[in-house]
Amino acid sequence: MILAVIPARGGSKGIPRKNVRLMNGKPLICYAIQNALDSRYIDDVVVSSDDEEILSIASQCGAVAMDRESALAQDAVTLDPVIYDAVLRMEQRTGNSYDVAVTLQATSPLLSVETLDGALESFLASDYDTYISAVNRPHLSWRTEDGICVPNYEKRLNRQQLPADYLETGAFLITRRACVTAASRIGERVSVYEMPEKEATDIDDISDWIVCEQEMKKKKILFRADGYRELGMGHIYHCLTLAYHLTGHEILFVTMRRHEEGLRKLHESFMPLEVIEKEEDLFDILAQWKPDVVVNDCLDTTETYIRRLKQYVPRVVTIEDVGSGARWADAVVNALYEDRSQGNSYYWGENYVCLKDEFLMREPAVCREELREVTVIFGGADPGNFTARIYRLAKKLGTEYPNLHFTFLLGAAYDAKGNGIVSSDPDRITVCRDVKRVSDVFAKADFAFTSQGRTVYELAAMGIPAIVLAQNERETRHTFAQMGNGFINLGLGSRVDDETIESTFRWVLHTPQIRREMRNLMLQHDLRKGTERVIRLILQENDT
């Protein structure tokens, strides 16, 4: 039989009332008690304490509460006589003859029952007398000898190449009953049981407490998004922006294998990723990974799809969703649309724009009297191929306006070679592909051509006037890119002829007062808090 002993004194000085303080809603000692009770191997659980409150909580949680005599509760007393006393008294109380005694510390709340049972299973199958919980933390270290620092290593190596260096965590100590005496709990044959680093924190001070509580509060968040030529790459970039702001939580991206452009970008981001062949595979991942939140950024959903998601996950947040499934989601975030009539779970408009980090730290571009620098950016794929049309315009205007320079920012999914888009005249036209920091280019721009997606918000944040061409009918419903906000919106690009684009550009080229007014209208909007608002919606911290 196996007995778990949880020693817990009441006189903690570093963190007063440490063992009974609420950690993430429960008294700290409850985590150790619950692990012992949930174990497949432990038969009896006893808490040894000199504190009435600790004993009351222990009894309430289902453990045997054993009042420790004052002589064993002094600061100088080690755990060995405390554990020995508890084992003897439990044997007298229950009549059981224990084979193994497990010391569980109340100050290791991150220890999982899976790790504890894994250690017990390994111990029972071994011939060791004692197992000590440990983590492997190899480092280059030094010691002092006769006042001189000397290395504890023979050769400087990368951490991954260093020999194992095990540090005790204090989470548990498993030992044969015969090894438990008033002077020791460690037998002759000792081994360490390596536990996961994330479970190893032993609460000794306030900083340890904060680390543990943060770990307990973290959530598992699954992002479902695709990126490909017809759809564009905005959904991938948007989800990556959110993921980068969710540090401290577990993130997993799920994308379709056949959508190579989005898959490539996610691989480059080094985010945890699962690739699916068909939509049904998503539900297999949900069943196995068990996320707390699904963020769905795949446009319009159906009622069947969202209701099925809800069978696997407690919270569903859907992005840019005007499908029938949206009303079944816990939160619908549509920064590109303005519609306040849908209900309390809908969050619309510019207040929920998620700017990339690079735009949060950028000052607005300088407003110049003469228009010299034009940025052309139509997304990662540019399915309407508006890039080629503006490229022809740039070539045409080159001889007439020698000081006018165009910078074309092409996405990874755009076929530049097939469309003849090259930096043929570096003084007039520069072509850049898959630029890492778009804001560096925007900072030099006087004007821009763009589609009617999320880029309009990035341009507005930097005060860069723009002509907008919508890639598809859906984009025409994005309401922010209007003259009242500093944009000349020409509507669906496929219905706008080249002459209209050229004449409109020539007009703004020669009217600096119009560009100044457009810039002023853009900078009236504060777009820098949207990501924080969406993060709160995902984490369900504040839905207002």
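Phe-223 stands opposite Val-295 in strand S15 (293-297). The model is predicted: local features need pLDDT of at least 70, side-chain atom pairs count only at pLDDT 80 or more, and totals for chains, interfaces and linings use all residues. Residues are numbered from 1 along each chain as its sequence is written, and side-chain values use heavy atoms, with hydrogens and water left out. Helices (H or I, at least four residues) and strands (E, at least two) are DSSP runs, numbered from the N terminus.

**Sheet**

- Strands S12 and S15 run parallel and are joined by 5 bridges; two strands pair if DSSP finds at least two bridges between them.
- An open sheet is formed by 7 strands with parallel pairing, in the order S14-S13-S12-S15-S16-S17-S18.
- At its edges are strand S14 (273-276) and strand S18 (346-348), each of which pairs on one side only.
- From one strand to the next, the twist averages 20°.

**Helices across the sheet**

- Helix H8 (residues 280-289) lies across S12, S13, S14 and S15, and runs at about 175° to S12.
- Helix H16 lies across S12, S15, S16, strand S17 (331-334) and S18, and runs at about 145° to S16.
- Angles run from 0 to 180 degrees between N-to-C directions, and axes are lines fitted to C-alpha atoms, for helices over the stretch in contact. Contact means heavy atoms within 4.5 Å.

**Helix H6**

- Helix H6 (residues 234-244) is mostly covered, with 8 of its 11 residues buried. Buried means under 20% relative accessible area, exposed over 50%, and partly exposed in between (1.4 Å probe, protein chains only).
- The buried residues of H6 are His-235, Ile-236, His-238, Cys-239, Leu-240, Thr-241, Leu-242 and Ala-243.
- Their cover includes strands S12 (220-225), S13 (250-256), S15 (293-297) and S16 (315-319), together with helices H7 (260-269) and H16 (530-539).

**Cysteines**

- The whole structure has 0 disulfides, a disulfide being a pair of cysteine sulfur atoms within 2.5 Å.
- For Cys-239, the closest cysteine sulfur is that of Cys-298, at 7.7 Å, which is too far for a bond.
- Cys-239 is buried, at 0% relative accessibility, whereas Cys-298 is partly exposed, with a relative accessible area of 27%.

**Ser-108**

- Ser-108 is in the loop between strand S6 (100-104) and helix H4 (113-124).
- Ser-108 counts as buried because its relative accessible area is 4%.
- Not counting residues up to four places away in sequence, Ser-108 touches Thr-169, Gly-170, Ala-171, Thr-201 and Asp-202.
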